[in-house]
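The following report is written for a reader meeting this structure for the first time. It begins with the contact between the chains and then turns to the chains themselves.

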Amino acid sequence: MAVAGHSLETSTGLDNRKLLMWLFLASECLFFGSLIAAYLLYRDRPGPNGVPIPPFPQDRAVNGVQYKGLFDIPFTSVSAFVLLMSSVTMVLALASIQRGDRRGLQIWLFSTAVLGMLFLSGQAYEFTNFHHEGLSLSSNLFGTTFFVLTGFHGAHVTIGVLILLSLFATTLRGKIGKEDSLKIELAGLYWHFVDIVWIVIFTLIYLVQP
Amino acid sequence: MTLAEYRKDRPETDIHAGPETPREAGSHAHPGPLEYVRIGLVLAVITIFEVALYYMGLSHDLLVVFLILLSAIKFSLVVLWFMHLRFDNRLFSQLFVAGFLLAATLFLVALSTLGGKLV
């Protein structure tokens, strides 16, 4: 049991749940690092006959035929901005509960979940557009690696939104107080990690082009 | 003084910590909401600047350097301030940096040995 005003009584002096969360996030770095590397390795690989298979992420000419690129940078920039701002609302939710402000916690938690859902809606719109343009998991290696990478990221955001909504429901029942701020902090760590992964994806996959 | 004695007798310096919120060893008080909003504004400005750079028609190499630099700044701001690595126990930083460096090494080795291109 913890003693008021002193460090937690674990062998490290740290809360084991938080330590486990950081270990999990460290392992997630490897997971997303591998997926990003796979995308960069395979996005330009040609088909079996040595000819690149459309569609492509950017405008490109193949054998004299001009293909229009799929990426819509202004749209993705807005998505990236929305996710980035959700990190701000998440940290404000934590600051609220650390001050014992339950109302603030509810407002900021719900705002974060809404921004997360907005990001997911944008991703669904983008995926649908790409599908209409002929890109699928099996159309070419760009499609395979792109959908696997961004799909896994979207799955992480979805899990994050579910966690936020369940915490929000718990706060509505009045079951989260200042003493439970670690629960919000852990959810926040996960959410911020999802955000920093998108910071990397947005730059390396969307903005930086070969 | 043993480590256990230090933990037991360490003076409490966090004025915001209530009696029901025990502090982690080696942690400092987190910043307030205004500080978070300031960081959020900086992040927003950097993102707008990134997109503006993309359309400015800079040379490709220069653009890549700027974009990766700005992305690294955003990454660091979120990790240090929003995830509190700047204020929390160093063990958390060490764990995360170890995972990140391992991932970065794997990333660079995979790209260099399998013929991938970053830019």
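The side chains of A:Lys18 and B:Asp88 form a salt bridge, with 2.6 Å from N to O; a salt bridge here is a side-chain nitrogen of Lys or Arg within 4 Å of a carboxyl oxygen of Asp or Glu. The pair crosses between chains: B:Asp88 belongs to the loop between H3 and helix H4 (90-114) of chain B, and A:Lys18 belongs to helix H1 of chain A. Between chain A and chain B the count is one salt bridge, while over all chains the count is nine. Helices (H or I, at least four residues) and strands (E, at least two) are DSSP runs, numbered from the N terminus.

This is a predicted model, in which local features need pLDDT of at least 70 and side-chain atom pairs count only at pLDDT 80 or more, whereas totals for chains, interfaces and linings use all residues. Residues are numbered from 1 along each chain as its sequence is written, chains are lettered from A and ligands numbered from 1 in the order in which they are written, and side-chain values use heavy atoms, with hydrogens and water left out.

**The interface**

At the interface, 62 residues of chain A are in contact with 58 residues of chain B, contact being heavy atoms within 4.5 Å. The area buried between the two chains is about 5100 Å², and carbon and sulfur atoms give 73% of it. Buried area is the accessible area (1.4 Å probe) that two parts lose on being put together, summed over both. Four residue pairs are in polar contact across the interface, both residues being at pLDDT 80 or more. A polar contact is a pair of N or O atoms within 3.5 Å; within protein, one must be able to donate a hydrogen and the other to accept it, and residues adjacent in sequence count only if both atoms are side-chain atoms.

On the side of chain A that touches chain B, the elements giving two or more residues are helix H1 (16-42), helix H2 (73-98) and helix H5 (181-207) of chain A. H1(A) gives the most, with 14 residues. The residues of this side divide into 37 nonpolar, 15 polar and ten charged. In this division Ala, Val, Leu, Ile, Met, Phe, Trp, Tyr, Cys and Pro count as nonpolar, Asp, Glu, Lys and Arg as charged, and the others, Gly among them, as polar.

**The fold of chain A**

Chain A has five helices and two strands, and along the sequence they follow the pattern α-β-β-α-α-α-α. Its C-alpha trace spans about 75 × 35 × 25 Å along the principal axes.

The 27 residues of H1(A) should span 39 Å at 1.5 Å a residue, and the end C-alpha atoms are 39 Å apart, which agrees. The expected span of a helix is 1.5 Å times one less than its number of residues. H3(A), with 31 residues, reaches 45 Å from its first C-alpha to its last, close to the 45 Å expected.

| Helix | Capping residue | Backbone nitrogen | Distance from side-chain oxygen |
|---|---|---|---|
| H1(A) | A:Asp15 | A:Arg17 | 2.8 Å |
| H3(A) | A:Asp101 | A:Arg103 | 3.3 Å |

**Loops of chain A**

Just after H3(A), A:Gly134 takes a positive phi of about 100 degrees. A:Ser139 is found in the loop between helix H3 (102-132) and helix H4 (141-172) of chain A. A polar atom of the A:Ser139 side chain lies 2.9 Å from the backbone nitrogen of A:Ser136. Leaving aside neighbours within four places in sequence, A:Ser139 is in contact with A:Ile53 and A:Gly134.

A cis peptide bond, with omega about 5 degrees, joins A:Pro54 and A:Pro55. A:Pro55 is placed in the loop between H1 and strand S1 (60-62) of chain A. In the loop between S1 and strand S2 (65-67) of chain A is A:Asn63, which has a positive phi of about 50 degrees although it is not a glycine.

**Confidence**

The model scores ipTM 0.91 and pTM 0.88. Chain A averages a pLDDT (the predictor's confidence in each residue, from 0 to 100) of 92, and 96% of its residues score at least 70. Over residues 1-5 of chain A the pLDDT is below 50. For chain B the mean pLDDT is 84, with 79% of residues at 70 or more. Among the elements of chain B, helix H1 (residues 3-9) has the lowest mean pLDDT (55) and helix H3 (residues 60-82) the highest (96). Over residues 10-20 of chain B pLDDT stays under 50, and the model has 18 contacts beyond four places in sequence for this stretch. Where pLDDT is low, the predicted coordinates should not be read in detail.
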